[in-house]
Amino acid sequence: MYCIDNKEFPCSTSLTMKYIGGKWKAVILIHLIEKKRYSELRKECKMITERTLSLHLKEMEADGLITRTVHTNKPPLKVDYELTDFGRTLIPVLEAIAQWGKETAEKSDRISVIE
């Protein structure tokens, strides 16, 4: 059993899913393997609503997976997001998930690729 902030997780898988679970967190994280401005991330994650993207970024920042840097030296305001060292430990996991999805799509006659 694991516990974070008085919330219990029955196994290591549920603990991992606390960080990357849900429909969009893993998607956002894989896009942040390279540092991105918020506007770049928004363009790459078109299917995510702005509210959901913002909420997940805040959650992942609080969890220590990403950092947010605000550049205020000249207008317009620019914000960068990037993985922390802790967040970078997820790269092999995210890449394995992406590879599994690609291989599954290639083998399935039920899945079509939309460009």
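## Reading a helix by its faces

Modeller: This model is predicted. Start with helix 6, where the face turned away from the buried side carries the exposed residues P92, W100 and K107.

Biologist: Which residues of helix 6 are buried?

Modeller: They are I91, L94 and A105. They lie on the same side of helix 6, because they cover an arc of only 70 degrees around the axis.

Biologist: What do the buried residues of helix 6 pack against?

Modeller: Their partners are helix 2, strand 5 and helix 5 (85-88).

Biologist: How do I read a core?

Modeller: Nonpolar side chains tend to be buried together in soluble globular proteins. Here the largest nonpolar core has 21 residues. I28, L29, L32, L57 and I66 have the most contacts inside it. Among the elements that give two or more residues to this core are helix 2 (25-31), helix 4 (50-62) and helix 6 (91-107).

Biologist: Which residues does L29 contact, leaving aside neighbours within four places in sequence?

Modeller: L29 is in contact with Y19, I20, M60, L65, I66, L83, L90 and L94.

Biologist: Is K25 buried or exposed?

Modeller: K25, in helix 2, counts as buried because its relative accessibility is 7%, and the cut-off for buried is under 20%. Not counting residues up to four places away in sequence, K25 touches several residues, including H56, E59 and D63.

Biologist: And how do I read paired strands?

Modeller: In a regular strand, side chains alternate between the two faces of the sheet. Here strand 4 (residues 66-71) pairs with strand 5 in the antiparallel sense, over 6 bridges. A hairpin of 6 residues joins strand 4 to strand 5. V70 has V79, in strand 5, as its bridge partner.

Key. Residues are numbered from 1 along each chain as its sequence is written. This is a predicted model: local features need pLDDT of at least 70, side-chain atom pairs count only at pLDDT 80 or more; totals for chains, interfaces and linings use all residues. Side-chain values use heavy atoms; hydrogens and water are left out. A nonpolar core is a set of buried Ala, Val, Leu, Ile, Met, Phe, Trp, Tyr and Cys residues joined through side-chain atoms within 4.5 Å. Buried means under 20% relative accessible area, exposed over 50%, partly exposed in between (1.4 Å probe, protein chains only). Helices (H or I, at least four residues) and strands (E, at least two) are DSSP runs, numbered from the N terminus. Contact means heavy atoms within 4.5 Å. Two strands pair if DSSP finds at least two bridges between them. The arc is that of the directions from the helix axis to the C-beta atoms.
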